[in-house]
Amino acid sequence: MAPVVVFVGPPGSGKTTVGRLVAERLGVSFRDTDADVEATAGKSISDIFVDDGEPHFRALERDAVKIALADHDGVLALGGGAILDDRTRADLRDHRVVFLDTSLSDAAKRVGLDTSRPLLLGNVRGQLKRLLEERRPLYLEVATVTVTTDGRQPSEIADEVLRAVTT
Ligand SMILES: Nc1ncnc2c1ncn2[C@@H]1O[C@H](COP(=O)(O)OP(=O)(O)OP(=O)(O)O)[C@@H](O)[C@H]1O
Ligand SMILES: O=C(O)C1=C[C@@H](O)[C@@H](O)[C@H](O)C1
Ligand SMILES: [Mg+2]
């Protein structure tokens with residue numbers, strides 16, 4: 001078993017939103033490794049960062065991604081930083097991976113003042129800028145399809161993803 005499609009991209013790129021839409025339209029289930037990590041830990045991602053630290057979160061995330069890539073046969077969204085892990089990037093080579101490419105200004109607008117993303121706290125634009133610079137090459141490395149999301153509605157983005165994965 002393998003996911004029909006795996007979504008990667010920075011916070012605010014729409015992995016969860018677009019991923020759910022694509023799953024609905026394909027009539028398959030949707031899974032998000034952020035939710036898997038929270039279920040395993042029994043607490044929110046924010047609480048994992050505060051109580052146990054980012055390295056512990058990344059270890060839980062690595063395990064969650066490995067299990068989901070092997071077990072899930074629907075649509076899968078990865079946490080925004082999952083691709084930082086070398087083994088995860090290697091595991092993604094066998095999969096259809098969609099990168100939701102999003103500029104700093106659109107991503108910042110979307111995440112706004114939401115406090116559920118611990119890495120962005122305090123300085124959303126500054127942190128996002130740093131994340132995008134560090135990670136964009138990694139998203140491109142794992143992607144088999146890149147879809148631009150700036151100024152576009154989730155539904156339109158889902159249509160483009162569906163065209164790419166069903167042709
Ligand atoms: N194309 C879009 N246009 C406008 N708003 C969007 C778009 N895609 C997502 N959003 C909104 O942006 C916010 C973040 O979207 P979402 O949670 O899907 O991002 P994500 O990539 O899953 O982020 P994270 O990495 O933090 O899980 C949500 O409020 C969502 O409704
Ligand atoms: O970009 C990141 O590193 C993160 C994104 C979210 O999906 C969560 O996985 C967590 O908040 C870390
Ligand atoms: Mg998400």
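Which helices each supply at least two residues of the shell around ligand 1? Keep that in mind as you look around.

**Before you start**

This is a predicted model, in which local features need pLDDT of at least 70, side-chain atom pairs count only at pLDDT 80 or more, and totals for chains, interfaces and linings use all residues. Residues are numbered from 1 along each chain as its sequence is written, while chains are lettered from A and ligands numbered from 1 in the order in which they are written.

**Stop 1: the whole chain**

Show the chain as a cartoon. Helices (H or I, at least four residues) and strands (E, at least two) are DSSP runs, numbered from the N terminus. Trace the chain from the N terminus: the elements run β-α-β-α-α-α-β-α-β-α-α-β-α. The radius of gyration is 15 Å, close to the 15 Å of the globule rule for 167 residues, so the chain is as compact as a globular protein of that length. (The radius is taken over C-alpha atoms; the rule is 2.2 Å times the number of residues to the power 0.38.) Along its principal axes, the C-alpha trace spans about 45 × 35 × 25 Å.

**Stop 2: the sheet**

Select the strands. They form an open sheet of 5 strands in the order S2-S3-S1-S4-S5, with parallel pairing. Strands pair if DSSP finds at least two bridges between them. Strands S2 (30–32) and S5 (145–148) stand at the edges with a single partner each, so one side of each has no neighbour in the sheet. Neighbouring strands are turned by 25° against each other on average, direction ignored. Axes are lines fitted to C-alpha atoms, for helices over the stretch in contact, and angles run from 0 to 180 degrees between N-to-C directions.

**Stop 3: strand S1**

Zoom in on S1. In a regular strand the side chains alternate between the two faces of the sheet. Val5 and Phe7 lie on one side, Val6 and Val8 on the other, and all are buried. Buried means 20 or more other C-beta atoms within 10 Å of the residue's own; exposed means 12 or fewer, and partly exposed is in between, with C-beta atoms placed from the backbone. Click Phe7. Opposite Phe7 stands Ala77 in S3, and Val98 stands opposite Phe7 in S4.

**Stop 4: ligand 1**

Select ligand 1. Around this ligand are 17 residues, the closest being Gly14, Thr16, Thr17, Gly80 and Arg110. A residue counts as near if its C-beta atom, placed from the backbone, lies within 6 Å. Back to the opening: H1 (15–26) and H8 (154–166) each supply at least two residues of the shell. H1 gives the largest share, 3 residues. By class, the shell has 3 nonpolar, 9 polar and 5 charged residues. Ala, Val, Leu, Ile, Met, Phe, Trp, Tyr, Cys and Pro count as nonpolar, Asp, Glu, Lys and Arg as charged, and the others, Gly among them, as polar.

**Stop 5: ligand 2 and Gly79**

Move to ligand 2. The residues around ligand 2 include Pro11, Asp34, Gly79 and Arg117. This shell has 5 nonpolar, 3 polar and 2 charged residues. Pick Gly79, in the loop between S3 and helix H5 (86–91). Is Gly79 buried or exposed? Gly79 is buried, with 23 other C-beta atoms within 10 Å.
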